[in-house]
Amino acid sequence: MSIKIKLSGLRCEQDVDYVNEARPDWASVMLCHRFWRCVDFDQARQLRRRLRDDIPLVGVFVNDKFSDVLVALRQGIVDMVQLQGTESEEYITSLQMMSYGKPI
């Protein structure tokens, strides 16, 4: 079994600098606005630009609007999505079909 590491909750450039140094398998941003560690799409874009290209950025969503999740994927704000809410099977399947092959 291989251990994978994801550093979560990036919010500022300094966080990204630490992640770039540590080189985990993934990094993530909270894009659900109900949580204090959340960032908006513009902040996430800036963090993605600073993050090493070989570290995928995961967008974490919790029962968010389908269109918001899809925009984050299609605009390249995040490389994959982690759903942490009670999203329905239909929601997930539709998102997978429309995500251009990006992991959900």
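Is E13 buried, partly exposed or exposed? I looked this up and found E13 partly exposed, at a relative accessible area of 48%. For this entry and those below, buried is under 20% relative accessible area, exposed is over 50%, and partly exposed lies in between (1.4 Å probe, protein chains only).

**Model and conventions.** I note that this is a predicted model, in which local features need pLDDT of at least 70 and side-chain atom pairs count only at pLDDT 80 or more, while totals for chains, interfaces and linings use all residues. I number residues from 1 along each chain as its sequence is written, and side-chain values use heavy atoms, with hydrogens and water left out.

**Overall fold.** I read off four helices and four strands, in the order β-α-β-α-β-α-β-α from the N terminus. The radius of gyration is 13 Å, close to the 13 Å of the globule rule for 104 residues, so the chain is as compact as a globular protein of that length. The elements are DSSP runs numbered from the N terminus: helices are H or I with at least four residues, strands are E with at least two. The radius is taken over C-alpha atoms, and the rule is 2.2 Å times the number of residues to the power 0.38.

I also have the C-alpha trace spanning about 40 × 35 × 20 Å along its principal axes. Buried residues are 38% of the 104. Of the contacts (heavy atoms within 4.5 Å) with a separation of 6 or more, 54% join residues 24 or more positions apart.

**Salt bridges.** I counted five salt bridges, each a side-chain nitrogen of Lys or Arg within 4 Å of a carboxyl oxygen of Asp or Glu. One of them joins the side chains of R50 and E13, at 3.4 Å from N to O. R50 lies in helix 2 and E13 in helix 1 (residues 13–22), so this pair ties together parts that are 37 residues apart in sequence. R50 is partly exposed at 37%. I find E13, D17 and R50 linked in a network of salt bridges.

Within helix 2, R45 and D42 are three residues apart, about one turn. Their closest N and O atoms are 2.8 Å apart in a salt bridge. R45 is partly exposed at 22%, whereas D42 is exposed at 51%. I also noted D54 with R52, a salt bridge at 2.9 Å, N to O; R52 is partly exposed at 28%.

**D64.** Where is D64? I place D64 in the loop between strand 3 (57–61) and helix 3 (66–74). D64 is buried yet has no salt bridge, and R34, the nearest side chain of opposite charge, is 4.1 Å away. For charge, Lys and Arg count as positive and Asp and Glu as negative; His and the chain ends are not counted. Beyond four places in sequence, the contacts of D64 include L31, H33, R34, E87 and Y91.

**R48.** I place R48 in helix 2 (residues 41–50). R48 counts as buried at 12% relative accessibility. Outside four places in sequence, R48 touches D53, I55, P56, L57, G76, I77 and D79.

**I104.** I104 is in the segment after helix 4 (89–98) and is partly exposed at 30%. Its C-alpha atom is 9.5 Å from that of D79, 25 residues away along the chain. Leaving aside neighbours within four places, I list among the contacts of I104 the residues L73, V81, L83 and L95.
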